[in-house]
Every structure is written in structure tokens, then in C-alpha cells.
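Below is a briefing on one protein chain, grouped by topic. Keep the sequence and the 3D view at hand while reading.

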Amino acid sequence: MDAEQRRAAAQQEGGGGGGGGLGLTLLVALLVAFFSLVLIPSLPAAKNSISILHQVPEGHVGVYWIGGALLKTITPPGFHVKMPLITHFEPIQVTLQTDLVRDIPCGTKGGVLINFEKIEVVNRLHKDFVYDTLRDYGVQYDNTWIYDKIHHEINQFCSAHSLQQVYIDMFDQIDEKMKDALQADCTRYAPGIEIISVRVTKPSIPESIRRNFEQMEGERTKFRF
């Protein structure tokens, strides 16, 4: 092979290497785009910051912030795009949801300390009020109007009634009283929140007092027969 043929072969090899480098660059770019659009939205830690494509689940709406300012834009369920690193996104549920409030201690009128181990509050945020509710109370609006409020209302009820009333005589009325109390304040201050129902479990009371109630109930049963 003479010098001219060797130069031609070298040029061909160089051209082939350049084409391979271009193809590799294109492949990397495609992988990065795929990762940004598909994989990153599936990572919980990153989906609200650097993802472009995001998904709003069924039963939710999408809300957005730029620089900490809540936007009036509300998106329906499905896939949507946003500006990465600039726009923050959160899905907000607008169907029925149940908030479970646990361990609510309270003192009765007579000074007996009891504990409501579980109270369930079924509620719904109407989608027409999503912007107003989040603007005034934030994404954790239910902390203010359900969790904290149910603690307050249970303590108010206990302090105004005796243990006999709370545990036996009026126990079947507590569900409705709590529902009405929660809804009254929501209607006044956060009208987008609808309280559907409240389910209160029997409170735990001191063991010695519980045995006395059981003995009294046993005596009443004997007299019935």
C-alpha cells in the first residue's frame, strides 16, 4: 500500500469515528430526555422539582406554585407539563376522604380523664374552592379544620358533661354534635370543606370506673327481668 492509499484509509477511519461519536451523543441525549420525561416523574422526591411531565391522579386536581405564589391554574386528572425547577406541583384530592384522628384526651365535668382512641371524619373539598382554601390555609388545610378542630370540640363537649353523660347517656349523640360543630365553622371560614359524617369510638375510661359501670348495667338488667 503506497502513501496515498494509506492517507485515504486513515481519512475513512476518521470519518467513521466521527459518525460513531455523533451517534453516541444522540443516544445519550435521547436517554436524558427519556429520563427527564418518564423516569423522574415517578420518583417521589424529584417529581415536584425537576420533572417536566407530571400526572394528576383520578379524584384529584393539580395545583401549582411559582416562587411560593399559588397560581389560579387548576388542572384535571391526566398528564400535564410544567417548567422544571421553577413550578412546584401538588395533587389535591377532591373526592371523599377519611381523616383519622387518634388519641384525644379530655376531662369530664367531674374531673375524670378519659381518652377517645379514634375518631373518623369523612369530608370532601369541593374543587371550585380549591384555590381559595389552599390560599388561606395551605395544602394541610385539614390540620386546621379537622384534626385541631375535632380535638377542640371533643374537649369542649367533655368539659360540659359528666362521665355518665359522655360514656352512656349522650354517647349516641356525639357523632352528630361533632359533625354539626365542624361544619358550622367550615361553612363560616372555609366553605369549600364539606363534613359528610363523623364516627366516634367509645372512649377508654379508668378501669375501676369501668367496672362500676358494668356492675350498674348488670343490676339494671336484673331488674328488667
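Strands here are DSSP E runs of at least two residues, helices are H or I runs of at least four, and both are numbered from the N terminus. Two strands pair if DSSP finds at least two bridges between them. This is a predicted model: local features need pLDDT of at least 70, side-chain atom pairs count only at pLDDT 80 or more, and totals for chains, interfaces and linings use all residues. Residues are numbered from 1 along each chain as its sequence is written, and side-chain values use heavy atoms, with hydrogens and water left out.

- Axes are lines fitted to C-alpha atoms, for helices over the stretch in contact, and angles run from 0 to 180 degrees between N-to-C directions.
- Four bridges join β2 (residues 60–66) to β3 in the antiparallel sense.
- V63 has I74 in β3 as its bridge partner.

**The β6-β7-β8 sheet**

- A three-strand open sheet has the order β6-β7-β8, and its pairing is antiparallel.
- The edges are β6 and β8, each with a single partner strand, so one side of each is left without a neighbour in the sheet.
- Here, neighbouring strands are turned by 30° against each other on average, direction ignored.
- β6 and β7 run antiparallel and are joined by ten bridges.
- D99 stands opposite V121 in β7.
- α5 packs on this sheet and touches β7 and β8. The direction of α5 makes about 160° with that of β8.

**The nonpolar core**

- The largest nonpolar core holds 39 residues. Such a core is a set of buried Ala, Val, Leu, Ile, Met, Phe, Trp, Tyr and Cys residues joined through side-chain atoms within 4.5 Å.
- Which residues touch the most other members? They are F116, I119, L134, I150, I154 and I174.
- At least two residues each come from β2, β6, β7, α2, α3 (141–159), α4 (163–169), α5 (171–189) and β8 (193–200).
- α3 gives the most to this core, with seven residues.
- Beyond its neighbours within four places in sequence, L134 is in contact (heavy atoms within 4.5 Å) with V63, W65, L70, I92, L125, V139 and Y141.

**Packing of α3 on α5**

- The axes of α3 and α5 are 10 Å apart, and the two helices pack at an angle of about 130°.
- That angle makes α3 oblique to α5. Angles under 35 degrees count as roughly parallel, over 145 as roughly antiparallel, 65 to 115 as roughly perpendicular, and the rest as oblique.
- The crossing of α3 and α5 is right-handed. A crossing is right-handed if the near helix is turned clockwise from the far one by less than a right angle, and left-handed if anticlockwise.
- α3 makes the contact through W145, K149, I150, E153, I154 and F157. From α5 come I174, K177, M178, A181, L182, D185, C186 and Y189.

**The loop between β6 and β7**

- T108 is found in the loop between β6 (97–107) and β7 (113–125).
- Is T108 buried or exposed? T108 counts as buried, because its relative accessibility is 6%. Buried means under 20% relative accessible area, exposed over 50%, and partly exposed in between, with a 1.4 Å probe and protein chains only.
- Leaving aside neighbours within four places in sequence, T108 is in contact with I114, C158, S159, H161, S162 and L163.
- G110 lies in the loop between β6 and β7. At 67% relative accessibility, G110 counts as exposed.
- G110 and L163 are 53 residues apart along the chain, yet their C-alpha atoms are separated by 7.1 Å.

**Positive phi outside glycine**

- L85 is a residue other than glycine with a positive phi, near 70°.
- L85 is placed in the loop between β4 (78–81) and β5 (87–93). With a relative accessible area of 68%, L85 is exposed.
- D103, not a glycine, has a positive phi of about 55°.
- D103 lies in strand β6 and counts as partly exposed, at 48% relative accessibility.
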